[in-house]
Amino acid sequence: MKRYVCIHGHFYQPPRENPWLEEIESQESAYPYHDWNQRVNAECYAPNTASRIMGPDRRIIKIVNNYSMISFDFGPTLLSWMERHAPETYEAILEADSKSIKEFSGHGSAMALPYNHVIMPLSSERDKMTQTRWGIEDFKARFRREPEGMWLPETAVDNPTLEVIADAGIRFTVLAPHQAARFRKIGDRDWTLVGPGGIPTERAYLYRLPSGRSVSIFFYNEEVSKEVAFGRLLENGEAFAKRILGCFKDEGMEQIVSVATDGETYGHHRKFGEMALSYCIHYIRSNGSARMTNYGEFLERCPPEYEVQILEKTSWSCPHGIQRWMDDCGCSTGTCPLQGWRRPLREAMDWLRDELASTYEATMGEYTEDPWGVRDKYISVVLDRGRENVDSFFNRNFMKALEKAEKVRVLKLLEMERQAMLMQTSCGWFFDDISGIEAIQVMRHAARAIQLHRELTGNDLEGKYLDKLKEAKSNFPKYRDGAKIYETLVKPSVVNLAKVGVHYAISSIFNGEREGIHRVYCYTVEDKTYNRQKLGKNVLVTGSSKITSDVTWEEEEVCYAAFWLGDHNICGGVRRCIDELLLSQIQRELHDALKVGDFQKLIDLIEIHFGRAGTACSLNDLFKDRQVEVIGKILEPSLERARSHFQEIFEDNFAVMSFMRKQSLPIPPALRAAAEVVLTWNMVEALDADDPDAELLNRIAEDALGLQVDLDKELIALHARRCIERGLDGLVKNPDDMGKLQRLEMILRTVERLQLGINFWRAQNLLFSTITRWHGYMKSRDASGDPEARIWLEKVKVLADLLGIEV
């Protein structure tokens, strides 16, 4: 075979975790999902692990893991999230790489990626090295092999970047064709300049570095890649395949057509794009006119015969080089006219990075002769923060045994540097305004680094940092500039151990914590004492706890009191731990005031003993996700009353609304609103039931369709998908459950009528596996005259028809 096809997906999300909690908090813009990682996983990453190939009659004939047949890279921080929150997807991705090794002559399809997607040419030399080494070590820990290739963030490239990755053992990378300057056949003297159309992309090129090292470079087909990303090519998998095959030249030489886009194109940016991808691959493999490959296999089969020189400081997504991440070059997503904020934000981050690096090098130098080497190896701790592993890290990297306080100091220094790299993540500059969630995220990482620097040195860099941010003007008057955004949208996120104590104290009011050891995100709370008193609906909690950061090992003992007066009214305070006898005396005073219902005295006592002497607190101080939960509990009785009221209005007026609709009369807005709320609530509740009532669901759908009201389709679609997946999970365990088969059929018919636009990829996968495993057995039973087997075959055929599966 002389014709090869390689399709590459760059799968990446920026780090979204709260820098103090190490978890992503609720993001309203991702509704109905908790956050954008969860949403994109549901729409793209997971469906690509089990993508459906359709036959001529538009029914599923095969389910495949797309990752096993393409080239791909995943951001290390995204894989870290996925390992915790989407383990099925995570394991399927790792398995796909293992399969690709067998498929592609011993070459795995996964490529490494610098750790947190910084623009490498804008990074310091030290950061380039750490980003590369962390990316490689993260890759090895997950894929259990050395990476051959490395995708560069935004394909941003320069000689120092290529020197670093070549020195780390990386054999190849991938660039856009417009990033090449000139090329020639190896051994020739004359160079050919690259014209406006870019370099020929059908081969690999050798790039010789000033150091004498070299790295191979692939250039993807830019025209086809743009049609995939921004055109309509993914509307038809066969058209996608034919477009690729049409790019081959007639010459008899070995050649590759390489397509590269953001991986999220396949399912998130382009709905059902993963199906177009799987059919494209299926068509090419069935056609026999080209071989699917990955870059590593092609490089082995067709070593470079040409060499290339690149245009330094260029990228795939900015025609002005790398200006998009440092200046107002004109590149934008089109929502805001001005991006002059990019330069001062970049200057602020660069200044802060260098200040932090100077402190790190000098202070870490007190403990080791190789501060930067220790930072490079810190990735082993980032990957596993277990005490045993961290102690092993200390033993391997420090000559003398460190005292407890020294370990805390070292961990804080290393965390300061990790945050200093996270604050350079490329997405902070990519979009249109400094008030966007991506820019706010990088400023949060900066705030965490500044906090750690302050705790380590007593020197506060925040003032000078804010002076620089004042020059970063927002497009929106209400935000003014970066300094105001930092003060209003970043600083409220700052957490210290006392604030963790505040969260724990208030949270315990609502979940009735008992003495013991509790996890609060990346902190461990160990109760010394805990007391919970209740008078009517009013609750008082008091106690003392040791709070320890699982990241820096910093710890503090605090005592607290929190009082709930009902609704959202909470007062409390946290202070450093005091003498046990004094704490007991304060607790008695508080309990005595509660017993007699003297709430004002109780509030005064909390203010005197905890607010003035420590940190006062209220419901505002709960971390966001828990705050949402608690407010939900507080509002539960009111919401039940509201629901009952809406239900009554709906039922009382249902007949007249039905009559009005039949007469083409408009339903009054108030009654329409009541119908929309009630029917959405009822539908979600019915879908979430352990044993869903299919007839009830059908009646609710009939009412909604009859009244022609606007349901919350996104919310219902999410719950409907989960309901059907639960039912099919049960069918996998009990495939001959006729009642479940019947209910699933009715539910699917109801959902189909509502036109919710659900991607049933997992449900289809579950039914497909059930058919594959049991259909032959049931057919043999049917042939023997078993009537139940006949019914099973008929019902499964109906389900398969509803889910578009060929039996």
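This is a predicted model: local features need pLDDT of at least 70, side-chain atom pairs count only at pLDDT 80 or more; totals for chains, interfaces and linings use all residues.
The interior comes first. In soluble globular proteins, nonpolar side chains tend to be buried together. Here the largest nonpolar core has 97 residues, and M443 and Y465 touch the most other members of it. Helix α16, residues 437-457, gives the most to this core, with ten residues. If neighbours within four places in sequence are set aside, Y465 is in contact with A348, M349, W351, L352, M443, A446, I450 and Y486.

Strand β16, residues 538-549, pairs with β17 in the antiparallel sense over ten bridges. Within that pairing, G543 has Y560 in β17 as its bridge partner. The two strands form a hairpin with five residues between them, and W553 in the turn has a positive phi of about 70 degrees. On to the next pairing: β17 is also antiparallel to strand β18, residues 570-576, over seven bridges. There W564 has I570 in β18 as its bridge partner. The hairpin of β17 and β18 likewise has five residues between the strands, and in it G566 takes a positive phi near 95 degrees. In a regular strand the side chains alternate between the two faces of the sheet.

Charged pairs are the next topic. Side chains of opposite charge can pair when their charged atoms come close. A search of the whole structure finds 70 salt bridges. One of them joins E103 and R285, with the closest N and O atoms 3.2 Å apart. Buried or exposed is settled by relative accessible area, with under 20% taken as buried and over 50% as exposed. E103 has 28% relative accessibility and therefore counts as partly exposed. R285 is also partly exposed, because its relative accessible area is 45%.

A second example is E223 with R243, where the closest N and O atoms of the salt bridge are 3.1 Å apart. E223 lies in helix α6 (residues 222-230) and R243 in helix α7 (residues 237-245), so the pair ties together parts that are 20 residues apart in sequence. E223 counts as exposed because its relative accessibility is 54%, whereas R243, at 23%, counts as partly exposed.

R189 and D190 also meet through their side chains in a salt bridge, at 3.8 Å from N to O. R189 has 71% relative accessibility and so counts as exposed; D190 is exposed as well, with a relative accessible area of 55%. Elsewhere, salt bridges link E88, R721, E725, D729 and R762 in a network.

Last comes the surface. I631, L635 and L639 make a nonpolar surface patch of about 230 Å². I631 is part of helix α22, which covers residues 624-662. Its relative accessibility is 33%, so I631 counts as partly exposed.

Methods. Residues are numbered from 1 along each chain as its sequence is written. Side-chain values use heavy atoms; hydrogens and water are left out. Patches are made of residues with over 30% relative accessible area and no salt bridge: like charges are joined within 9 Å, nonpolar side chains (Val, Leu, Ile, Met, Phe, Trp, Tyr) within 5 Å. Accessible areas come from the Shrake-Rupley method with a 1.4 Å probe; for residues, only the protein chains shown count as cover. A salt bridge is a side-chain nitrogen of Lys or Arg within 4 Å of a carboxyl oxygen of Asp or Glu. Helices (H or I, at least four residues) and strands (E, at least two) are DSSP runs, numbered from the N terminus. Buried means under 20% relative accessible area, exposed over 50%, partly exposed in between (1.4 Å probe, protein chains only). A nonpolar core is a set of buried Ala, Val, Leu, Ile, Met, Phe, Trp, Tyr and Cys residues joined through side-chain atoms within 4.5 Å. Contact means heavy atoms within 4.5 Å. Two strands pair if DSSP finds at least two bridges between them.
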